[in-house]
Amino acid sequence: MQKLVAIKGMNDILPPDSARWEWLEDKVRNLMARYAYRNIRTPIVEPTPLFVRGLGEVTDIVEKEMYSFEDRLNGEHLTLRPEATAGVVRAVAEHSMLYDGGKRLYYMGPMFRHERPQRGRYRQFHQIGAEALGFPGAEVDAELILMANALWRELGLRNVRLELNSLGQPQERQAHRAALIAFLEQHIDVLDEEARRRLHSNPLRILDTKNPAMQAVVEAAPRLIDFLGVQSLAHFDTVKSILTANGVAWTVNPRLVRGMDYYNLTVFEFVTDQLGSQGTICGGGRYDYLIEQIGGKPAPAVGWALGVERVLELLKEQESAVPTPVPDAYAVIPSAAALPVAVTTLERLRQLGVRVQMHAAPAGGEGMGSMKSQFKKADASGALWALIFGEDELARGSVVVKSLRDGAGAQSEHLLDALAEWAPTLQSPR
Ligand code: ATP
Ligand code: MG
């Protein structure tokens with residue numbers, strides 16, 4: 001049979017790397033609890049109309065990145081979620097979660113986009129996101145940004161800068177859009193093919209171009225921020241002053257527009273220069289009109305999503321140490337006859353919180369394998385201790401505990417009956 005391999009751009013996450021993922025997820029859970037955000041889990045497959053909403057601009061995602069298909073059994077149009085905000089909003093509306101006030105939610109999980117795979121850009125990638133629904137005030141925008149900032153600090157990430165912008169309200173955006181299109185039409189000869197295509201479908205996105213030939217015209221284009229009214233500006237000012245008061249540095253990037261079409265007022269990105277062109281590790285903003293767009297009762301909302309692969313890549317780039325889990329002890333079992341007592345003893349140790357790896361008979365060998373090969377495995381496991389279930393000791397109702405690290409070789413014999421007394425000495429601090 002032909003060798004089966006994973007789909008391009010969709011990665012296996014293997015040990016020891018997966019430990020870095022678990023470490024990050026633990027940090028996030030701990031952080032979310034401190035900000036009182038609760039976990040939400042929504043399906044990976046959603047009805048396509050959740051993402052193709054008719055209203056709004058034509059985004060890259062809807063235009064060319066979605067994995068969509070028809071359910072073979074009933075012809076329903078389905079899509080692998082390219083992001084989770086729309087699904088969270090659907091769930092919030094579907095279950096009337098805002099009936100007793102605002103909700104703070106977070107999620108973690110895989111997203112799917114048909115992009116060109118490269119460093120920091122995959123077809124199955126993972127996001128961790130936080131959403132606060134039902135709160136109109138700038139203090140919640142700021143809370144979310146402070147929370148992301150706290151995460152970078154607690155992960156030990158450096159060189160991440162915060163860019164802010166305000167997209168104002170739909171009417172302000174409409175006025176700017178008209179002015180922008182009129183301006184760009186005057187410079188149509190400078191626009192590249194993609195920009196011409198976007199001129200009427202998503203002109204704001206043109207401002208985000210990386211094409212050097214278009215920089216001059218983009219710099220001179222009407223700026224959205226100049227079209228904002230007093231209320232929008234006041235909202236933006238409040239966000240900025242809360243951040244400043246809490247020691248978070250920011251810059252305004254008037255060209256920051258974000259890939260999704262549903263944002264209004266505050267938008268932001270956390271960016272690094274250390275990941276090449278895939279430098280955005282987290283992005284978000286306010287989306288006060290999304291709930292009604294998908295048929296829910298209108299409610300304000302704001303959130304962000306971070307790219308797990310990019311955050312982990314940046315940690316690696318900065319050579320941050322991430323603890324790898326190792327067992328406290330490795331059970332060396334010279335002969336199969338010792339297995340019943342060994343297995344039972346290990347179960348008791350694990351109940352007491354000790355991390356123990358059991359030596360198991362290797363494939364293609366005879367019996368449990370030689371003592372030499374077992375000790376080699378014990379060393380490789382990273383354990384501090386070997387537990388040796390030798391025949392003579394077992395006959396005396398005891399087991400040998402041997403140090404594999406500091407003072408390697410030192411060993412002592414312990415009674416199985418008194419296990420609860422010596423088990424804690426095996427545990428490394430954690
Ligand atoms: P980009 O401009 O890099 O394409 P985006 O604006 O499409 O990003 P969002 O939809 O805002 O990204 O998603 C939030 C975060 O998810 C991004 O900041 C990034 O860290 C991560 N991300 C987005 N697309 C991918 C991908 N294809 N592979 C890996 N991470 C991704
Ligand atoms: Mg993108």
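Of the 430 residues of the protein, 47% count as buried, a class defined by a relative accessible area under 20%, with over 50% taken as exposed and values in between as partly exposed (1.4 Å probe, protein chains only). The model is a predicted one, in which local features need pLDDT of at least 70 and side-chain atom pairs count only at pLDDT 80 or more, while totals for chains, interfaces and linings use all residues. Residues are numbered from 1 along each chain as its sequence is written, and side-chain values use heavy atoms, with hydrogens and water left out.

The secondary structure comprises 15 helices and 16 strands, taken as DSSP runs of H or I with at least four residues and of E with at least two, respectively, and numbered from the N terminus. The C-alpha trace spans about 90 × 60 × 45 Å along its principal axes, and the radius of gyration is 28 Å, whereas a compact globule of 430 residues would have a value near 22 Å; the radius is computed over C-alpha atoms, and the globule rule is 2.2 Å times the number of residues to the power 0.38. An automatic or database assignment places residues 17-168 and 228-317 in domain 1 and residues 329-426 in domain 2, and the centres of these domains, taken over C-alpha atoms, are separated by 48 Å.

His 126 lies in strand S6 (residues 124-133) and counts as buried because its relative accessibility is 12%. Beyond residues up to four places away in sequence, the contacts of His 126 include Ile 13, Trp 21 and Leu 306, contact meaning heavy atoms within 4.5 Å. Leu 306 is 180 residues from His 126 in sequence, yet their C-alpha atoms are 8.3 Å apart.

Key: Chains are lettered from A and ligands numbered from 1 in the order in which they are written.
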